[in-house]
Amino acid sequence: METPLLELKDVSMMYPGTLALDGVSFRIRQGEVHALIGENGAGKSTLVKIMSGVLTPTKGRIFLEGEEVAFGSPLDAQRAGIAVIHQEAAVFPDLSVAENVFMSSPVYAGRVPLLSWKEMHRRAAAILEELGVPLDTRAVVKDLSTAERQLVEIAKALTHRARIVIMDEPTSSLSAREVEDLFRIIRDLKASGTGVVFISHKFEEIEEIADHFTVLRDGQYVGEGQVRETSREEIIRMMIGRKMEQYYPERDSRPGEVVLEVRNLSREGVFRDVSFEVRRGEILGFFGLVGSGRTEVMRCIVGVDAWDSGEVCFEGKTVRFRSPREAMRHGIVYVPEDRQLQGCILNMSICENITLPLLTALHKRGWIDQVRERRFAEEYAKRLEVKAPHVHVWVNALSGGNQQKVVLAKWLAAQPSLLILDEPTRGIDIATKAAVHALVADLAAQGLAVLLVSSELPEVLGMADRVVVFHEGKVTGVFDARACTSEEIMRAALGHGERGVV
Amino acid sequence: MKNVRQGIRIGAVLQRWEVILSILLLTIMVVNGILSPYFWDVRNLFNTTFNFTEKSIIALSMALVIITGSIDISVGSIVALSSFCMGLVASYGAPVPVIVLVGLLVGTVAGMLNGFLVGYLRIPAIAVTIGTMSFFRGIPQGILGDKAFTTYPEEFAWLGQGYVGGTLVPFQLVVFLALALVVGLVLHYTIFGRMVYAVGRNEVAAVFSGIPAKRVKFAVFTLNGLFSGISSVLLTSRILSTRPNIAQGFELEAITIAVLGGVAITGGFGGIPGVVIASFVIGFIRFGMGLMNVPGRVMNLVTGALLIVAIVIPEFIAFMKRRRETDIVEGGNV
Amino acid sequence: MRVPRVMKTREFTLFVFLVVFVAVVGMRSPRFLAVENIYDVLKDSSVLILASLAQFLVLLTGGIDLSIPSTMALTGMLLGMFNIAVPNLPFYVYVGGALLLGFVLGSFNGIVVARLRVPPIITTLGTLAMYRALVFLVSGGEWVSAHEMCESFVSIPVVRFLGIPAIIWYAFIVFLLVTFFLTYTWTGRSIYATGDNRNAARLVGIDTRKTDYLVFMLSGVISGLAGLLYVTRYAAAQTDSATGYELQAVAACVIGGVSVFGGSGTSTGVLLGALFLGLLYNALTQINISPFYQMLVQGIAILIAILANTFAERSRAERLLKTRRHRV
Amino acid sequence: AGEQAGAAAGKKLRIALVVKNLGNGFFEAARDGALEAAKELGDVEIIYQGPSSPTAEGQIEIIENLIATRVDGIAISANDPDALVPVLKKAMAQGIKVISFDSGVSEGGRILHLAPSDTELIGRSQVKLLGELIGWEGEIAILSATAQATNQNAWIEYMKKELAENPKCKNMKLVAVVYGDDLSDKSYREALGLFKSYPDLKGIIAPTTVGIAAAAKAIQDQGLTGKIQLTGLGLPSEMKAYILSGVCEKMALWNPIDLGYSSTYILYNLIKGKNTGAVGDVFSCGRMGEIKVGPGGVAVMGEPFVFTKENIEKFAAMF
Ligand SMILES: Nc1ncnc2c1ncn2[C@@H]1O[C@H](COP(=O)(O)OP(=O)(O)OP(=O)(O)O)[C@@H](O)[C@H]1O
Ligand SMILES: Nc1ncnc2c1ncn2[C@@H]1O[C@H](COP(=O)(O)OP(=O)(O)OP(=O)(O)O)[C@@H](O)[C@H]1O
Ligand SMILES: [Mg+2]
Ligand SMILES: [Mg+2]
């Protein structure tokens, strides 16, 4: 058997307080797409960080084409031909797209080490073109949407002539079309002999792109195999240690009166003439391609941004909130899509995060009732199965998926009457996802109105009663989720196709 | 499972910091006592607090400003402006309560202006306060020019110079400790305090969680103005006169005290007990050196070095305990 | 209508603001527009331009260097004393000495920040006092005065090259070097990257500690040169030389559009910001307002500049909640 | 200053010289004078102190510390005539003898004030000096220290009076008073501003050591030597170059050494109870002879001394 490109033997990683990896072995061969599978907090990202020199393992050895190596810094790994797309896009918000793409590999014009901006823009444009996203390379990254940032991050990894490309949940914020473009590139990489490590919580993707898989559970190696020879059920069983019955909850919805009505809402250059309404007990899905303007609409509704024209009616009254605080007072909560920046405060404890929106409820004349606060936080952390030693650890010590759970717990604890979820299951493992779905369904059954923004078509179809489809800031269709096909929705999302029914 | 990482809870970090500061304070007291026969004298120890309580009072509110992730370098100028207004009303024969009220009010209003620009207009605090620093002091400078206000009523002097009920305890010191208690309780045990920390650690997430970040910032700057006003009342009363160059350089001293007290200059961390201890650390170090006639410049050298060393000590202890792990937090903070 | 890209930049806004300012003052006092006055403004602003560029590099990484004036004073004093000890050396020896001393003082800051991980504002608040105390200690409180300075020393800022005084050249050359360094070298770009997102910078393989060290070192070197020019221009090295430059330099940067949180700003902006302050001081001494009101006018002008700047930026559709966490 | 610190002083009298700020040549010279007197007197120890920047708050802190160490006498050159009064009163209440020198403290805050020279005399003589230099006609300006500087402001008052009252000055016109804050760069800039705003300017009076040196440099740099006359108060060692090159033909100052010397003697006599400091009291001050306390508790040391090309070398070596 040929020597693997990269081999990790018996690697352990101890965070203060957590044993994140416990004697894991992993190898990636030439021309192979190797999926790394596991629940939230299984240790996937930790493994990635070890392979990319960000972390030094507490135990274990790393071999690069048979030779033992020790990566002291990300630069060492980079020099060794390892390119990484990190789970949370590590971009430079004030720098241009081109610069972001080439930050790890300077572009020089000639022999002298002087940057060539022209060449840099040209090459960045070429790479983005190949990825199917012709972004303006001069645009500043902080003006991009989450998905576009993710694409920049991907482009960054492609600038290297890397022998190994590691992708930690690259698709979590991409839409179907971009995922297709990414897969095309992965196939090209594979063809040229590059080894690709691919992490995703979406089985459709793994089945489509991966050859081989390794499963981790609670920081331990569980097993590996060929994707084609293993059934989905089996992988899931390896992953969660039991069988999964059902992905989406049965729902028996009987929508009540209209809770929120949006009429002809427009915001210059972002969205136009958006109208929809949502009823008590109804889950209204929002589907669209990346940057189609769904997030923008939600931000306007909860008062983060202002709209130019149109009207929002909540519980029969026209409203115009000036801040999320005001919206919350009226019973509307918005769970933002960017958990690291908007969703939670990383260097605060789980407990403090969960109770943040409730401060006004948890005090006696301004004083915080510490006991009630803790009990409350523990209750919600438990309901969402947040994996942490206790509620006083900082959120940045949690895995990406568990962070997302904290974010959800936080807003559910606010007990709203209208819940806006923006990409709520991004980066959440399949079991937890099912739990979240069950929870949302349960809330809806109790009479809560839910706006569910998601870029995952199956999720939208599986959860929503009706689906509002966006294309470039306009509503191109409203469909009954039970009586339509994914093709219809995709067509509307791409901008062709007639306006939907209902 | 018990929490292994001490660094995770603010409480734990604070304790460690305060312990270090307290040890430092004790060391200073002992060393000074050995070096100067005048140090361990109750009267002297109480009297020397006159030299720092005014700055320490500002350091309390400055701590809140810094915790929200801002900074205010206009405090010295607020003191000057508020002292000027007190002098103005005093020159028209206003009684003591009115003078004091004017002082507090002017400080508060000046703080509100800063708070408005930083909180509501979202201009970076350092930019705003660099401007208001000249602006606030420019007003008395322009109107008073080379003149001074010296006509304060005699009873006014007690506030800044008096002692509490026949004891050796200066009234100023009592004011400082009382304010420290209040601010400490508010910061550490109320929802307002929690909001201050939340805004300092991640303003965006705080806003999305329904924290009125603008109002919080406005409030801490206003408080800083009010405390500068209080400081101004005490200082003016202590020197019984007002010139436009009063309280020059207070900003850096207040920031120094807050930072030495463990308030993270990047925002989000720190607490009031540390600030109080740090006031005494700096105050007693300067007092000790003063007793030994160390020139002011050299005192600055020592406090400057202390500032750096105080930050290095816990790092060093942590280093000795275990080799530091890589400090890369997962992902980026965009 | 398409507007050229330059006209949309912050620097352009500031430039227009400057032109308007000059025109307004010029109307009140025509002498202000005289060629030799512009010369004087440039000469007067040179030291501030240097200090601001030094500050700029540090601000870019999200730090701040408050020790600049003390570094200037200490370098100036030591060189003044050196010039007494060894007079009449060629000018480049003194300039070299200034760069070297600045290098040492800046490196100390850099090492404390990068190695000992003391936050920049604390480190430099400390060295601000410490370096100043050293000036006092080495000089014993005495001046180095004009008659003690040798010809080649005092002539450093005033000799002319192509008819332009050297002091302007020094500022101009440093400006060009900084601009070039920041735009065309990878190290320069990594300074921006470090300030913009430290974690991401580490992930792409930038040694952020090295960057921290580098900016403080460079800030020291530039401040050293500024200190030499300060002392030679006024032909006196004193304990109190250059006090107040730390905040003036920050003000120049902020007016020039540099983010105090790091990661954005251009050297051109800084140059314009420093020139604005230079013009302002110059104008204040020439229009007939009471000198007592200078500080007030100065404060108002700085506030207006900052406000104008902020709103120009705001109107460019910067969105509320995308702003990053504050760092000082 | 450290060498005198804390040493077991025995029976020595401890006299503190508190100056406006450390690092100022003028006061360093005054300290030398005080040390000279201490040596002559034998049982006196001098404590030389000053804040790092010229502020009243800094001086107050020093005085609080001096009270704590129970010194016997304090001589202070005040940054603010009023702000120091409360703390000096406190010192006097503890039995410490307090005098001010050079820059005075308001009555009530000190036993007496030792003026280097008569304030009125200084102010008026400055105008006369400049008058001689510019031939008694033309525009003149004053470049001062900070707007709050006590002694400068008092002198400026008398300069204005002299201009108004002296018939010889009727053709001299004071066009501006500007403030250089005792910073080289600001003083220099203000001087340049004067040249430009008043193209017909004939002379500048700079009654402050930093200001006069900066003004001299500005005149020299602009090639205005001879066209604009400069006078004021400056230290010979700092101004030597400009006096020799004719930028500033004449300037005045009293001898700071003598000032420190006399202050020490006066305090010594007060502490020993030889004098009370009441108006009319006469102190005997070693080589300085006798100094008499005048109205308002002000004792005047002597006339300001004028430095010219001829004598500058000699004095530059001294202070
Ligand atoms: N900086 C840290 N400090 C302490 N513990 C950490 C830290 N980062 C991660 N952990 C812990 O290590 C374990 C593995 O986390 P990791 O991020 O590798 O999970 P993951 O498999 O990538 O999960 P996800 O699918 O949610 O991204 C988790 O239990 C997490 O709480
Ligand atoms: N910070 C920003 N500044 C300026 N424009 C932005 C910003 N974020 C997004 N946009 C733009 O606004 C439009 C709508 O983006 P939005 O984030 O609302 O889309 P979305 O449908 O929610 O997609 P997703 O959230 O999946 O990226 C896009 O054209 C995007 O480029
Ligand atoms: Mg992960
Ligand atoms: Mg979105």
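A residue is called buried when its relative accessible area is under 20%, and in this predicted model Asp94(A) falls into that class because its relative accessible area is 17%. Its salt-bridge partner is Lys142(A), with the closest N and O atoms 2.9 Å apart. Lys142(A) counts as partly exposed, since its relative accessibility is 25%.

Side chains of opposite charge can pair when their charged atoms come close, and over all chains the count comes to 55 salt bridges. Another of these joins Arg466(A) and Glu282(A), at 2.7 Å from N to O. Here the partners are 184 residues apart, with Arg466(A) in strand 21 of chain A and Glu282(A) in the loop between strand 12 and strand 13, and both Arg466(A) and Glu282(A) are buried.

A further salt bridge, at 3.9 Å from N to O, brings together the side chains of Arg294(A) and Glu423(A). Arg294(A) lies in helix 9 of chain A, whereas Glu423(A) lies in the loop between strand 19 and helix 15, so the pair ties together parts that are 129 residues apart in sequence. Arg294(A) is buried, with a relative accessible area of 6%, and Glu423(A) is buried as well, with a value of 8%. These two residues also belong to a network of salt bridges that links Arg294(A), Glu337(A), Glu423(A) and Arg426(A).

We can now turn to the domains. The domain assignment divides chain A into domain 1 (6–242), domain 2 (256–331 + 418–430 + 446–501) and domain 3 (340–415). The C-alpha centres of domain 1 and domain 3 of chain A lie 30 Å apart, and their contact takes five residues from domain 1 and eight residues from domain 3. Between them, domain 1 and domain 3 of chain A bury about 520 Å², of which 42% is on carbon and sulfur atoms. On the side of domain 1, Asn40(A), Gly41(A) and Glu88(A) lose the most area to domain 3, together 71% of what that side buries.

Between domain 1 and domain 3 of chain A the count is one salt bridge, and one residue pair is found in polar contact across this interface. By class, the side of domain 1 that touches domain 3 has no nonpolar, three polar and two charged residues.

Terms used: Residues numbered from 1 in each chain as written. Chains lettered and ligands numbered in written order. Predicted model: local features only at pLDDT ≥ 70, side-chain atom pairs only at ≥ 80, totals over all residues. Heavy atoms only, no water. Salt bridge = Lys/Arg side-chain N within 4 Å of Asp/Glu carboxyl O. Buried < 20%, exposed > 50% of the residue type's maximum accessible area, 1.4 Å probe, protein only. Helix = DSSP H or I, 4+ residues; strand = E, 2+ residues; numbered from the N terminus. Domains from an automatic or database assignment. Contact = heavy atoms within 4.5 Å. Buried area = accessible area lost by both parts, 1.4 Å probe. Polar contact = N/O pair within 3.5 Å; in protein donor to acceptor, adjacent residues only side chain to side chain. Nonpolar A, V, L, I, M, F, W, Y, C, P; charged D, E, K, R; others polar.
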